[in-house]
Amino acid sequence: QVQLVESGGGLVQAGGSLRLSCGVSGRIFSCNDMAWYRQAPGNQRELVATITRGGTTNYADSVKGRFTISRDNAKNTVYLQMNSLKPDDTAVYYCNADLLTSILRGSHDYWGQGTQVTVSS
């Protein structure tokens with residue numbers, strides 16, 4: 001069974017840093033676009049950053065200049081380096097990936113289980 005497994009969340013003071021990781025567990029043919037989303041209590045899930053297989057990145061305006069998304073294609077892993085964290089960054093962070101697990105079925109979206117990031121003031 002294919003899964004996305006996240007790690008790296010936690011509690012940090014404002015101005016601090018955290019690094020999230022998300023790897024693919026199980027057999028796949030290819031890992032295409034990958035992304036990080038987040039959802040704060042009472043809010044909708046929002047896009048934080050995306051990265052293509054070729055390394056092209058895109059960021060939400062709220063995190064530009066503070067967060068960096070990267071990936072290791074050999075390990076089918078995506079990272080989110082978060083610097084200068086603010087209390088407003090507090091949320092559950094979810095990894096998302098477009099994975100090809102079956103040639104017949106094509107590629108599909110997969111989600112990680114979520115990891116809590118809490119930034120104290």
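A disulfide is a pair of cysteine sulfur atoms within 2.5 Å. Keep that cut-off in mind for the cysteine stops on this tour. The model on screen is predicted.

**Stop 1: the whole chain**

Start with everything shown as a cartoon. The protein chain has 11 strands and 0 helices.

Now look at the overall dimensions. Along the principal axes, the C-alpha atoms fill a box of roughly 50 × 25 × 25 Å. The radius of gyration is 14 Å, which agrees with the value near 14 Å for a compact globule of 121 residues.

Switch to a surface. The protein chain exposes about 6,500 Å². Carbon and sulfur atoms supply 45% of that area. Of the 121 residues, 42% count as buried.

Next, colour by charge. There are 11 positive and 9 negative side chains. The centres of the two sets lie 6 Å apart.

One last item before zooming in: contacts across the sequence. Take contacts between residues at least 6 apart in sequence; 56% of them join residues at least 24 apart. The next stops show individual pairs.

**Stop 2**

By the distance rule, the count comes to 1 disulfide.

Left-handed or right-handed? The torsion about the S-S bond of Cys 22 and Cys 95 is about -80°, so this disulfide is left-handed.

Cys 22 lies in strand β3, residues 18–25, and Cys 95 lies in strand β9, residues 91–102. The pair therefore ties together parts that are 73 residues apart in sequence.

Are these cysteines buried or exposed? Cys 22 has 0% relative accessibility, so it counts as buried. Cys 95 also has 0%, so it counts as buried too.

**Stop 3: Cys 31**

Cys 31 is in no disulfide. The nearest cysteine sulfur is that of Cys 95, 8.1 Å away. Cys 31 is buried, with a relative accessible area of 0%.

**Stop 4: Ala 91**

Stay on strand β9 and select Ala 91, which is found there. Ala 91 counts as buried, at 2% relative accessibility.

Which residues does Ala 91 touch, not counting residues up to four places away in sequence? They are Arg 38, Gln 39, Ala 40, Thr 115, Gln 116 and Val 117.

The C-alpha atoms of Ala 91 and Gln 39 are separated by 5.2 Å. Along the chain, these two residues are 52 residues apart.

**Stop 5: Leu 100**

Select Leu 100, also found in strand β9. Its relative accessible area is 19%. Buried means under 20%, so Leu 100 is buried.

Show its surroundings. Leaving aside neighbours within four places in sequence, Leu 100 is in contact with Ile 28, Phe 29, Ser 30, Gly 106 and Ser 107.

Finish with a distance label from Leu 100 to Phe 29. Their C-alpha atoms are separated by 5.4 Å. Along the chain, Leu 100 and Phe 29 are 71 residues apart.

Terms used. Residues are numbered from 1 along each chain as its sequence is written. This is a predicted model: local features need pLDDT of at least 70, side-chain atom pairs count only at pLDDT 80 or more; totals for chains, interfaces and linings use all residues. Side-chain values use heavy atoms; hydrogens and water are left out. Helices (H or I, at least four residues) and strands (E, at least two) are DSSP runs, numbered from the N terminus. Buried means under 20% relative accessible area, exposed over 50%, partly exposed in between (1.4 Å probe, protein chains only). The radius of gyration is taken over C-alpha atoms; the globule rule is 2.2 Å times the number of residues to the power 0.38. Contact means heavy atoms within 4.5 Å. Accessible areas come from the Shrake-Rupley method with a 1.4 Å probe; for residues, only the protein chains shown count as cover. Lys and Arg count as positive and Asp and Glu as negative; His and the chain ends are not counted. The place of a charge is taken as NZ of Lys, CZ of Arg, CG of Asp or CD of Glu.
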